[in-house]
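I opened this model to look up two things.

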Amino acid sequence: SPLVSVRRVSKQFANGTLAVRDVDLDLGAGEFISLLGPSGCGKSTLLRMIAGLANPSTGTIEWNGAASDGASGGRPDLGFVFQDPTLMPWANALSNVMLPLTLKHVPKREAAERAAEMLALVGLKGFEKSYPRELSGGMKMRVSIARALVMRPKILLMDEPFAALDEITRHRLNDDLLQLWWKERFTAVFVTHSVFESVYLSQRIVVMAARPGRVMADFAVDAPYPRD
Ligand code: ADP
Ligand code: ADP
């Protein structure tokens, strides 16, 4: 059975904008799915509803067959990465990654060990004590990914995470994200408006269209493999 089932979900904002219309989508465990479409087609809105950061106007979202607890949120089995890494500027990389563990009262020593392990996994071994201002845009994004994965969530939701980065950094991060997914096998949902990125990264592409915020196609592509 799917990890997440989206059933006939629509979202209409208070100002009348119908951002998502009648979406049906199953997310399987371990899949790497891209949500592809032009700006304004409702990708973020759909992702935020899957995350429980917003509620559908109509329809349901089920997790492992159980109704979502909606915007009450705080799912430990979910990691979210935004385009802006939003790190705490006064805390070093290690403390930034430790945050979700600290909030769950994981003992400090264990939290530090787990955070250091995640930083190593995203390629930042040796940068534990660096502050966000000392890191490049790509490295800040790596810290943000480590923070999203430190609770070992079943699913990692990413909202155009690399869109603000230069092309070369972006390409490296795409490669490293793929390696990480290959190794860790979380379910990945990657929102992008780049056809290239969606084909390069994912096993499955879900295409949305600007009006009416609908899923227009949902198809499998060749399974990606780690590239050196
Ligand atoms: P995408 O992520 O594909 O760029 P969004 O989900 O951000 O698209 O937006 C879908 C549509 O909903 C757009 O027309 C956008 O302007 C509108 N929208 C997004 N958030 C809000 C909001 N809080 N209130 C009103 N309209 C919104
Ligand atoms: P990224 O692709 O992670 O954004 P950048 O190309 O912006 O990295 O790198 C900025 C600087 O930091 C470069 O000098 C790069 O060699 C260095 N750097 C980036 N990641 C690492 C790493 N994991 N270990 C050592 N140096 C790194």
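The entries below go through the ligands and then the helix pairs.

**Conventions.** I note that this is a predicted model, in which local features need pLDDT of at least 70, side-chain atom pairs count only at pLDDT 80 or more, and totals for chains, interfaces and linings use all residues. Residues are numbered from 1 along each chain as its sequence is written, chains are lettered from A and ligands numbered from 1 in the order in which they are written, and side-chain values use heavy atoms, with hydrogens and water left out.

**Ligand 1.** I listed the residues around ligand 1 (a heavy atom within 4 Å). They are Phe 13, Asn 15, Thr 17, Ala 19, Pro 38, Ser 39, Gly 40, Cys 41, Gly 42, Lys 43, Ser 44 and Thr 45. By type I get four nonpolar, seven polar and one charged. Here Ala, Val, Leu, Ile, Met, Phe, Trp, Tyr, Cys and Pro count as nonpolar, Asp, Glu, Lys and Arg as charged, and the others, Gly among them, as polar. Helix α1, residues 43-51, gives the most to this shell, with three residues. Helices are DSSP runs of H or I with at least four residues, numbered from the N terminus.

I then looked up polar contacts, meaning pairs of N or O atoms within 3.5 Å. The side chain of Lys 43 has a polar atom 2.9 Å from an oxygen atom of ligand 1. From the backbone, an N or O atom of Cys 41 is 3.1 Å from a ligand 1 oxygen, and a polar atom of Gly 42 is 3.1 Å from an oxygen of ligand 1. Of the 560 Å² of accessible area that ligand 1 has on its own, the protein covers 61%. The areas come from the Shrake-Rupley method with a 1.4 Å probe.

**Ligand 2.** Around ligand 2 I find Gly 123, Phe 127, Ser 136, Gly 138, Met 139, Arg 142, Thr 169 and Arg 172. These divide into two nonpolar, four polar and two charged. Both α4 and α5 (167-184) supply at least two residues each, and α4 gives the most, with three.

An N or O atom in the side chain of Arg 172 is 2.5 Å from an oxygen atom of ligand 2. Ser 136 places a polar side-chain atom 2.9 Å from a ligand 2 oxygen, and a polar backbone atom of Gly 138 is 3.3 Å from an oxygen of ligand 2. The protein covers 51% of the 530 Å² of accessible area that ligand 2 has on its own.

**Helix pairs.** How do α4 and α5 pack? I read an angle of about 25 degrees, with axes 10 Å apart. Axes are lines fitted to C-alpha atoms over the stretch in contact, and angles run from 0 to 180 degrees between N-to-C directions. The two helices are therefore roughly parallel, a term for angles under 35 degrees. The crossing of α4 and α5 is right-handed, with the near helix turned clockwise from the far one by less than a right angle.

I also checked α2 (residues 93-103) against α4 (residues 137-149), which pack at about 30 degrees with axes 7 Å apart. So α2 and α4 too are roughly parallel, and their crossing is right-handed.

Key: Polar contact = N/O pair within 3.5 Å; in protein donor to acceptor, adjacent residues only side chain to side chain. Parallel < 35°, antiparallel > 145°, perpendicular 65-115°, else oblique.
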